[in-house]
Amino acid sequence: MTVNPLAIWGPVFAMMALVLVVAYLTFRERVRQFKALRVHPQKVSTRSEFSAALKDTRCADNFSNLFETPVMFYVACIGLYATQTVSMSALVLACLYVLLRVGHSVVHCGSNVVFTRFKLFAASMLVLLGLWAVWGLTLLQLI
């Protein structure tokens, strides 16, 4: 069953909102630590210097994570839209992926319980794989 292809942009915009929230949290935390530790920004111009000088890099680490595997999510969503093959199952999987990534970010920026974070990451990867499988199978049916 196909749905309005424009619906796939909902999860894409939700992921963008997540990126913006984590960017804000990262900025806020960096400024707080720069002030509290009296660190000049030039002293932490590389990632290794940043990690060595600042005590808490959770949000910054999560921000970086949001530009790794989510790229495959964006490609799938753009591909679904471009091929006009957005189905209800693809849309549900896309929404579930975003929810799992939100959960991952909440844990990563908050309590940072590694095993919980890993389970959320692994679940999001399975859902992403499912999204690609649904799209691939739909394309095969069109050939």
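This briefing describes the fold, helix packing, cores and selected residues of one protein model.

The model is predicted, so local features are given where pLDDT is at least 70 and side-chain atom pairs only at pLDDT 80 or more, while totals for chains, interfaces and linings use all residues. Residues are numbered from 1 along each chain as its sequence is written, and side-chain values use heavy atoms, with hydrogens and water left out. The protein has six helices and zero strands, where helices (H or I, at least four residues) and strands (E, at least two) are DSSP runs numbered from the N terminus.

**Overall architecture**

- Along the sequence the pattern reads α-α-α-α-α-α, and the C-alpha atoms fill a box of roughly 60 × 30 × 20 Å, taken along the principal axes.
- Of the 143 residues of the protein, 40% count as buried; buried means under 20% relative accessible area, exposed means over 50%, and partly exposed is in between, with a 1.4 Å probe and protein chains only.
- Among contacts (heavy atoms within 4.5 Å) between residues at least 6 apart in sequence, 77% join residues at least 24 apart.

**Packing of α1 against α5**

- Two packed helices are described by the angle between their axes and the distance between the axes.
- The axes of helix α1 (residues 9-37) and helix α5 (residues 88-109) come within 9 Å and cross at roughly 10°, the axes being lines fitted to C-alpha atoms, for helices over the stretch in contact, with angles that run from 0 to 180 degrees between N-to-C directions.
- That crossing angle makes α1 roughly parallel to α5, since angles under 35 degrees count as roughly parallel, over 145 as roughly antiparallel, 65 to 115 as roughly perpendicular and the rest as oblique.
- On the α1 side, P11, A14, M15, L18 and V22 take part, and they meet L91, A94, C95, Y97, V98, R101, V102, S105 and C109 in α5.
- By class, this contact of α1 with α5 has twelve nonpolar, one polar and one charged residues, where Ala, Val, Leu, Ile, Met, Phe, Trp, Tyr, Cys and Pro count as nonpolar, Asp, Glu, Lys and Arg as charged, and the others, Gly among them, as polar.

**Nonpolar cores**

- In soluble globular proteins, nonpolar side chains tend to be buried together.
- A nonpolar core is here a set of buried Ala, Val, Leu, Ile, Met, Phe, Trp, Tyr and Cys residues joined through side-chain atoms within 4.5 Å.
- The largest nonpolar core holds 29 residues, of which I8, M15, F73, L80 and L131 touch the most other members.
- Helices α1, α4 (70-82), α5 and α6 (114-142) each supply at least two residues of this core, and α5 gives the most, with nine residues.
- Leaving aside residues up to four places away in sequence, F73 touches P11, V12, M15, A94, Y97, V98, L128 and L131.

**Helix α3 and its cover**

- In helix α3 (residues 58-65), C59, A60, N62, S64 and N65 are buried.
- The cover over the buried residues of α3 includes α1, α2, α4 and α5.

**Aromatic residues**

- The structure holds five aromatic pairs, in which rings of Phe, Tyr and Trp (its six-membered ring) pair if their centres lie within 6.5 Å, planes under 30 degrees apart counting as stacked, over 60 as edge-to-face and the rest as tilted.
- Ring pairs link F73, Y74 and Y97 into a cluster.
- F13 lies in helix α1 and is exposed, with a relative accessible area of 61%; F13 and V98 are 85 residues apart in sequence and 9.8 Å apart in space, C-alpha to C-alpha.
- W132 lies in helix α6 and counts as partly exposed at 33% relative accessibility; not counting residues up to four places away in sequence, W132 touches M72, V75 and A76.

**Loop residues with positive phi**

- R38, in the loop between α1 and α2 (47-53), has a positive phi of about 55° although it is not a glycine, and R38 is exposed, with a relative accessible area of 78%.
- Q84, in the loop between α4 and α5, is a residue other than glycine whose phi is positive, near 55°, and Q84 counts as partly exposed at 46% relative accessibility.
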